[in-house]
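Have the structure open while you go through them.

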Amino acid sequence: MASIDRLRQLPGQTPMMKHTMLPVMLLLAGQCVAGDLTGNWVVRNPRADGTIQKTYFDLKQDGPRIGGHIRVTQFYYAIIESTGGPAGFTLTGAMKDGNSERRVRYEGKLEGDELHLATRRRPEAPLTQMVAHRAPAAEGAYPARIPLPRIHQVRANGLAKTPPMGWNSWNKFAGRIDDATVRQIADAMAGNGMKAAGYVYINIDDTWEGERDAQGNISSNRKFPDMKALADYVHGKDLKIGIYSSPGPDTCAGYEGSYGHEQQDARTFAAWGIDYLKYDWCGARNLYTDGEMQAVYQKMGDALLASSRRILYSLCQYGRADVWKWALAVGGNTWRTAGDIRDTWESMARIGFSQNELAPWAGPGHWNDPDMLEIGNGGMSDTEYGTHMSLWAILAAPLLAGNDLRDMTAATLEILTNREVISVNQDRAGKQGTRILQSGDQEIWVRLLADGSRAVALFNRGPQPARIAFRWPDLGMKRAPRRARDLWAHADVALTGPDYSADVPAHGVKLLRVWR
Ligand code: GLA
């Protein structure tokens, strides 16, 4: 169907001809009459990286009711309520997302052949204005649901014998990540002691994606002119490189996902030299239920194994559908256990201290992932960042720094590279620690280590300094250990008798390693 836009652009027309021809041609094309909202409308928002962010309004005006769908990048809303008509209307869209519902609301009016719209990104945010033009009927329509494979056991890839260590672009840079920054981050990691302390992965998160070519091959956008060259550069530093995609048609930031291209993308990633894939549910939520996640993730697990490279497989679906019970079966090496971390004490503590029940699911090759580190991003004190690092060590969590490695304080670097704490995180027995005692805001967590020693963390979650005291038998030890070491003070601790106590600052930790 010809769009009004294209009719307008017929070459050689005078403005007069356009006006006399337009109603006739519209009728001939069988399209809507003047003043009808019915049709497919698109807002095209060009991004600096050369990609275009699109919002579709596929509307059907039926008397006083406007029905249809609104698609905001990966979010696909059914219109459930409307008021008004072409001269002024409102639309409310809703979508189911797991157990919750998301809603959007637009107001708008038809002006000539343009739809003028406005919405608020958040209830308290200012109105965002936009203009939509007619698009071909099928453009932006949600792809058909591809039937899912039967569940089977995906062979382990043999990677991540200890929790992965590295860096990820999202927490600090979000959409502002590019080739040059990734290279500089790799330079920083190689030179600042992090690589020597065990960090190895340089992971590019969302917003690297470009378009697909006619054969369906994915390319990177303008921010990443040559992924293979970038991977070579990172490998040249003796580091590894990671990338990000989604099992849905779109990623969380509204870029191209791997839907229907799983094997092709796995082959492309392998050809570029990628060593790590974070695979983020996002756009898949419109096509599949949480109960179908296992089959969806299995597809990429199989595809990665069939590729020419060993690629660490990191599941990101925010801990839904008891992922820890099936992530290993789809070939997963790590799986997110919660929603996105933020750089605040509340966010970090809420996620980190809620991991106790998940301990049995972790082990060499497969790890619970409470999300990337926020250490050094500025929203917490160094004491709180020390707690963050200690807790992630006790939890055998992936250590993916999320700050700007080119520019950090000595204190941040010291927290990230504390080798005694890292050796707890990287312990080869791979036993995730658990909470042994809790009294109000004070918690004691213990992690059993391969050499028979234990890491003992005394956490003070409260806003005031606190004295934390316990008896060794409370920790399952008959008598006081033979030796105890304070992993932040880098000093042995003198022990007397069956009791132990320490003053722990607000939001702080005392992290010990004790030998019987
Ligand atoms: C989700 C993930 C984040 C990040 C963003 C990118 O929110 O949970 O870790 O990858 O998507 O869009």
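1. β6 gives the largest share of the lining of the largest pocket, namely 6 residues. The strands β1 (39–46), β2 (52–62), β4 (75–85), β6 (100–111), β7 (114–120) and β8 (127–134) each put in at least two. Strands here are DSSP runs of E, at least two residues long, and helices are runs of H or I with at least four, numbered from the N terminus.

2. A word on provenance: this is a predicted model, where local features need pLDDT of at least 70, side-chain atom pairs count only at pLDDT 80 or more, and totals for chains, interfaces and linings use all residues. Residues are numbered from 1 along each chain as its sequence is written, and side-chain values use heavy atoms, with hydrogens and water left out.

3. Back to that largest pocket: its volume is about 790 Å³. Lining it are 30 residues, with Val72, Val104, Thr119, Arg120 and Arg121 closest to the centre. By class the lining splits into 12 nonpolar, 10 polar and 8 charged. (Nonpolar means Ala, Val, Leu, Ile, Met, Phe, Trp, Tyr, Cys and Pro; charged means Asp, Glu, Lys and Arg; the others, Gly among them, are polar.)

4. Points are joined across faces, edges and corners, and a volume is the space filled by probe spheres set on them.

5. Where does the ligand sit? The space it takes is the second largest pocket (more than half of its atoms lie within 2 Å of the grid points). That pocket has a volume of about 580 Å³. Its lining has 30 residues, and Trp170, Cys252, Cys282, Tyr318 and Asp340 are nearest the centre. β6, α3 (170–173) and β14 (276–280) each give two or more residues to this lining. The class count is 10 nonpolar, 5 polar and 15 charged.

6. Around the ligand itself there are 13 residues, the closest being Asp205, Asp206, Lys278, Asp280 and Asp340 (near means a heavy atom within 4 Å). This shell has 7 nonpolar, no polar and 6 charged residues.

7. The protein buries 93% of the 310 Å² that the ligand exposes when taken alone (Shrake-Rupley areas, 1.4 Å probe).

8. Last, Asn377, in the loop between β17 (367–369) and α10 (382–394). Its side chain makes a polar contact with the side chain of Glu374 at 2.8 Å (N or O atoms within 3.5 Å; within protein, one able to donate a hydrogen and the other to accept it, and sequence neighbours count only if both atoms are side-chain atoms). A polar side-chain atom of Asn377 also lies 3.0 Å from the backbone oxygen of Gly402.

Definitions and conventions
1 Å grid on protein atoms, 1.4 Å probe; cavity = no way out; pocket = protein on both sides within 12 Å on 5 of 7 lines; lining within 4 Å.
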